[in-house]
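I opened a notebook page for this structure.

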Amino acid sequence: MIECIELVKRYGKTQAVDHLNLHVDAGEIHGFVGPNGAGKTTAMRILATLCAPTAGDARVDGVSAVHQPQQARARVGYMPDFFGVYDNLKAWEYLDFYAGCVGMDAKARRKRIDALLDLTALSGKREAYVDQLSRGMKQRLCLARAMLHDPKLLILDEPASGMDPVARAQMRDILREIARMGKTVLISSHILPELSEVCTSMTVLQRGKKAFSGTMTELEKRLHGAPLVIRLTQTPDEELARRAAQRLSELLGSAPAMEEDVWRIETQEDVQRDAQALRMLMELGVPVCGFAREHATLEQAFMEVTGAYEAQSHL
Amino acid sequence: MKLNPIFESSARRRMRTWRTPVILTAYMAALLCIAFNTLFAFFGDGVRIAQMRLSTEGYIWVTALQLGLIVVVAPALSAVSIAGERERQTFDLLRVTGVGTRRIVLGKLMENFAFIALLILSGAPAMMLFHITAGISLAELVATLVYLMVIALEALTVGMAVSALCRRTITAMVMAYLAICLLGGGAWALAKHGPFAARYTYESLQALERMGTAQILMGMPVPVFFCPAVGLVSLLAQQTGILHRTMQQTMRLFDIYVAMKAAGFGAVALVSLAASALSAALLTAFAVAALRMQDRAALKRG
């Protein structure tokens, strides 16, 4: 659905996007992560036909956003990181205005607007003035605006910024619903847990370059494995602890770091071996009350990937 | 008929603000003050023939005030329209809808014109009073209202052209007023001091009157017809005749006035009306081209 080929954007001496190659399949919710100034918004604006790249091409559903902007616009719904709402306009009128701009006829408009207000949980605010809506509601209204012409791709730049937890949860549910509708979503956010909960794949940008791109599972694999954390009801006696540590070391290939009633083993994830380890601990009589892999948060993954990228680029 | 969504939405928003009724009321009040002042003087001391002239002067004042208000209000309205979209950061959202620059300019222009037309029409009752007292026919009143609307359209397109170029509303407003001053004042200055001015003196009036209307009109400097005041003076002189006498007495306000008189005020008013309409059309085309150019520049800028 999205294809960026050697995409470059320079602002004077600043390289905002640096030979970015990207591929996102249809139906994915793809996260765009990176520190401020990494080039996320620029890349998104190029895909939304609002910015011309210095070199390279960006394609949406096989259509070039650079060379065929009109055709590309029909396939893209764009929601910027600012509200962009008019005052003295009711919610339905706001949508009706943009529906008219995209060339929708009056009959189709009403049905579409009702459906989108319903999807974004704004049906109750149909007659409310846009400038009197809360931030979260405005964001959802902007999302509805971006979906008016039923685009295949939705580009959402920081859609949850400044929202309270309830509004963020609502936005998350809406995004999942949109994904169920078969749309592809490209979403950037600084609130990384938000992305980890909704995204199926992700690209990490650093200084305009791609530091990582792949599925969430691939991102986790990039890390040093998820450590196995064993929690005990009480600290076992020294002899039992020694024997357990030795058997775990033989089985998993790594010795546990023991801190009283919490043991941590840095090892690659393997369900079969993990099951064997648990069985062995039970047989030895170790008082286990917790046995799980501790997966890295997206923040950890992000720091890991960008950190590794920084180190690599300094070499 | 498919209504331009930009026109529809902007008109709806404008009519909802408190400013709109305030502007309309203030505008009507200003015109009615002058109209009633004239009427009180007219009826205050019994109706005499000499007071007919007083009433006609009232009509001239109301019309001139309409022109003045239009020239002040119109550029301010249109100058903020496109620049305002940029400042509000809603212009990008319009761009991604694929709505063309021509539709944006025409939508905004139509909406601004609808409001100005409403202002002008709201001044019509004040002007109608002179139909009773000054012998101004209804056809003449309609002609004056049409002329004012064309001038308003011209002033709006000046603001629109500037708005398409500017990124900030305040810059657009200042530029629009400068452009209006240049259009009106520049044409007047050219008429008074330009290379053609010396040709039109009262001494040359008789010689001019021997020439045909078309010949005189073709000899006049073209920018003169683009000056809104020239057209309005001609129209009022044609309708009332008073202006003609006042001009003869005070003289030299317009050296070109001699040529206007010789060519016939009606003809000058018509040419001036056509020039204003042409200028409005050209400025609209310029605004569309300027917006397209700015669009391309914005695309490169990102």
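Predicted model: local features only at pLDDT ≥ 70, side-chain atom pairs only at ≥ 80, totals over all residues.

Next I looked for a sulfur partner. The closest cysteine sulfur to that of A:C4 belongs to A:C51, and it lies 12 Å away, too far for a bond. A disulfide needs the two sulfur atoms within 2.5 Å. Over all chains, I found zero disulfides. I also checked B:C33, and this cysteine is exposed, at 55% relative accessible area.

**Helix α1 of chain A.** I moved to residues 40–47 of chain A, which form helix α1. How many of its eight residues are buried? The answer is seven, so I wrote the helix down as mostly covered. The buried ones are A:K40, A:T42, A:A43, A:M44, A:R45, A:I46 and A:L47. Just after this helix I came to A:T49, which takes a positive phi of about 65°.

**Where the chains meet.** I then looked up the contacts between chain A and chain B. On the chain A side 32 residues take part, and on the chain B side 26. Together the two chains bury about 2,600 Å². Carbon and sulfur atoms account for 55% of that area. Which three residues of chain A supply more of its buried area than any other three? They are A:L50, A:Y86 and A:C101, with 22% of what chain A buries against chain B. I also counted salt bridges between the chains and got four. I looked at the one between B:R13 and A:D87. Its closest N and O atoms are 3.7 Å apart.

**Chain B overall.** I turned to chain B as a whole. It has 15 helices and zero strands. Of its 302 residues, 51% are buried. I checked how its contacts span the sequence. Taking contacts between residues at least 6 apart, 84% join residues at least 24 apart. Chain B exposes about 13,500 Å², and 70% of this comes from carbon and sulfur atoms.

**A nonpolar patch.** I searched the surface for nonpolar side chains. B:I170, B:V174, B:M175 and B:L178 make a nonpolar patch of about 390 Å². I picked B:L178 from this group. It sits in helix α8, residues 169–193 of chain B. At 52% relative accessible area, B:L178 is exposed. An α-helix has 3.6 residues a turn, so residues three or four places apart point the same way.

I looked up B:G107 first. This glycine is in helix α5, residues 101–122. Its relative accessible area is 0%, so I listed B:G107 as buried. What does B:G107 touch beyond its neighbours within four places in sequence? I found B:N4, B:I6 and B:F7. I also took a distance from B:G107 to B:L67, 40 residues away in sequence. Their C-alpha atoms are 24 Å apart.

Then I went to B:S276. It lies in helix α15, which runs over residues 265–301. B:S276 counts as buried because its relative accessibility is 1%. Leaving out residues up to four places away in sequence, B:S276 touches B:V150, B:I151 and B:E154.

Notes
Residues numbered from 1 in each chain as written. Chains lettered and ligands numbered in written order. Heavy atoms only, no water. Buried < 20%, exposed > 50% of the residue type's maximum accessible area, 1.4 Å probe, protein only. Patch = residues over 30% accessible without salt bridge, like charges linked within 9 Å, V, L, I, M, F, W, Y side chains within 5 Å. Areas by Shrake-Rupley, 256 points an atom, 1.4 Å probe, with all protein chains shown as cover. Helix = DSSP H or I, 4+ residues; strand = E, 2+ residues; numbered from the N terminus. Contact = heavy atoms within 4.5 Å. Buried area = accessible area lost by both parts, 1.4 Å probe.
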